[in-house]
Amino acid sequence: MSTVIQPAKTPGTAGTPRETSGTRLAVRRFLRNRLAVAGLGVVMFFVLFCFVGPLVYHTDQTHTALQQVNLSPSGAHWLGTDAVGHDELGRLMYGGKVSLTVGLAAGVLATVVGTLWGAAAGYAGGWIDAVMMRIVDAGIAIPALFILLVVSAITTPGLPGLILILGLVSWLVPSRLIRAETLTLKNRDYVLTLRAIGGTHARAILRHILPNSVSTIIVATTFQIADAILLVAYVSYLGLGVQPPTTDWGGMLSAGLTAAYSGYWWLILPPGLAIILVVWAFNAIGDGLRDAFDVRGRG
Amino acid sequence: MSTPSYLIRRVLQAVAVIVIVTIVVFGLLHALPGGPARGILGPQATAQQIARFNHEQGLDQPLPVQYLHYLNQLLHGDLGTSYTLNAPVSRLIGERLPKTLVLTVLSMVIGLLLAIPLGMWQAVRRNRPVDYVITTLSFIAYSTPVYFLGLILILVFSQVLPWFPSQAPQGDSLAQVFSDPQALVLPVAAGAASMVAVFSRYMRAATLENLSEDYVRTARAGGSRSRAILRRHVFRNSLTPVIAMLGYYLPVLFGGALVVEQLFNYPGMGLLFWSAAQASDYPVLLGCVLVISAATVVGTLLADVVQRIIDPRVKAGRA
């Protein structure tokens, strides 16, 4: 990832008219980006589908129904049924809840940890910065999938544990971005003035540096969520996933892997396409936000 | 900074990173429930047996002493002994690593050969239909879990259309791997897809940046044809940041190889790692993590150094 960040915009303090018009300009630029707006639409659709859908479309996702396994799509079951007789459309909603919740929580957690770490490193400078960033380098050098597979050999976490693990393997890239941003911000006059009149380091970081990095943080969060949802999809495949009868899109996909060879396409295409669409959507939103805010993130 | 002092600094940084990785790996080994003794002797072991094992293996010594001991072993190329395969981890990895490198390097080279022209084409045709189509396709490829893509490839190109085998080349030696190039097609395609997606984006961005530079305008004003400018100047200048990104992309490639090897039953390091995870064979797991991470650190270092050598702007601090 490129750690070069151009000064994003003229620094203003929150709430001044200049900031408001900057935000409005960014919103207008974002709305002109068709792919980004489409991405926003896709995310909104899936949130409604997964969280409101089950209220309208009632299915039993707890009990198995062995008299109706692996049925192909029909009027009664629009997307057919799976290997233990669960309605696949209902399962898609049910699993999507887990995928979206875990992905969002892990993405936000990763950005929060990365932001604090990066801001602290960049602000401290010197050997503290060097040590903190070498730790980041070491973390990036260990592929996340390898760590996740080692963890799965040791334990099977619940949902909060899963969020924690995913957050802890993916905070590294945002920490680099925020560090670079902090390096350009920490020598601005308002930070130096605050220090001169006796303000604390914590105040300088929390009240000045982070608020001025907010566009970078928002863009990073969006990409982080996209990556986290993708990572959630791998987690079941690696044997770390949520336990049945609970499931997520990755779990449905892994469960359908062998069934696919028998021609039961309805067990893999819907969860696979759902993952691709949602991850694509968050990436498109991130891309649109990055261009709208004019910050340099990734790609 | 002059090039030699830059090199020394970067190498020292890389060494520091590898040392941190060993601390993480060592920490993981000791974070295991019951420690390594539980792992080896199994859940049935009595407290007495565990105490004796810990004493024999020096596990009752203070952690820093144990860490130094572990480091000393590493420096002698000793990664421990597999619990289940009854062989030194270094030998197991030595047998499997070349095969994983073949898969990874092939995916990387083929991915780049596709991504670079695609990215340049997009930049030249910016905001035209072809740009949108390729952008959309690369986002889709980036958003697809490798195992889903691999499965689709197997279903389409092995089941429906019987063009390629669904299993990667088997056999222990590299010669056997290369003796069946047809069987390599699907695994390499699965590994290369996200590579194409990511690097066509980088190449597009880098080319766009260069197209707006003064030297392009100067060359145009001087009467050079667009094609010649692209080939002679823009291509080279856009390639350097892309090469630097390669180092950072290595962990993703190795992670992809883990999945691809499992899916296509390719006997590389990823498959070794996978079966070690099923068997809780911790020395193999940790040895693999260490080797893969070290490979990534060295790869990143090489990419940085190559970039610095071929692009004078980096030295001047402009890129």
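Residues are numbered from 1 along each chain as its sequence is written, and chains are lettered from A and ligands numbered from 1 in the order in which they are written. Because the model is predicted, local features need pLDDT of at least 70 and side-chain atom pairs count only at pLDDT 80 or more, while totals for chains, interfaces and linings use all residues.

Chain B holds 14 helices and zero strands. Helices (H or I, at least four residues) and strands (E, at least two) are DSSP runs, numbered from the N terminus. Along the principal axes, the C-alpha atoms of chain B fill a box of roughly 85 × 60 × 35 Å. Of its 319 residues, 39% are buried. A residue is buried if 20 or more other C-beta atoms lie within 10 Å of its own, exposed if 12 or fewer, and partly exposed in between, with C-beta atoms placed from the backbone. Among contacts in chain B with a separation of 6 or more, 70% join residues 24 or more positions apart. Two residues are in contact if their C-beta atoms, placed from the backbone, lie within 7 Å.

The contact between the chains takes 33 residues from chain A and 38 residues from chain B. On the side of chain A that touches chain B, two or more residues each come from α5 (126-141), α6 (144-154), α11 (214-237), α12 (249-261) and α13 (269-293) of chain A. The most come from α6(A), with eight residues. By class, this side of chain A has 27 nonpolar, four polar and two charged residues. Ala, Val, Leu, Ile, Met, Phe, Trp, Tyr, Cys and Pro count as nonpolar, Asp, Glu, Lys and Arg as charged, and the others, Gly among them, as polar.

The largest nonpolar core has 163 residues. Such a core is a set of buried Ala, Val, Leu, Ile, Met, Phe, Trp, Tyr and Cys residues joined through C-beta atoms within 7 Å. The residues that touch the most other members include A:Phe146, A:Ile229 and B:Phe273. Helix α11 (residues 226-264) of chain B gives the most to this core, with 16 residues. Not counting residues up to four places away in sequence, B:Phe273 touches A:Phe146, A:Leu149, B:Leu258, B:Leu285 and B:Cys288.

Two packed helices are described by the angle between their axes and the distance between the axes. Axes are lines fitted to C-alpha atoms, for helices over the stretch in contact, and angles run from 0 to 180 degrees between N-to-C directions. In chain A, the axes of α4 (residues 88-124) and α8 (residues 172-185) come within 7 Å and cross at roughly 40°. The contact of α4(A) with α8(A) has ten nonpolar, seven polar and two charged residues.

The axes of α2 (residues 34-51) of chain A and α4(A) come within 8 Å and cross at roughly 120°. That makes α2(A) oblique to α4(A); angles under 35 degrees count as roughly parallel, over 145 as roughly antiparallel, 65 to 115 as roughly perpendicular and the rest as oblique. From α2(A), A:Phe46, A:Val47, A:Phe49, A:Cys50 and A:Phe51 meet A:Met93, A:Gly96, A:Lys97 and A:Leu100 in α4(A). These residues divide into seven nonpolar, one polar and one charged.

A:His58 sits in the loop between α3 (53-56) and α4 of chain A. A:His58 is exposed, because 8 other C-beta atoms lie within 10 Å.
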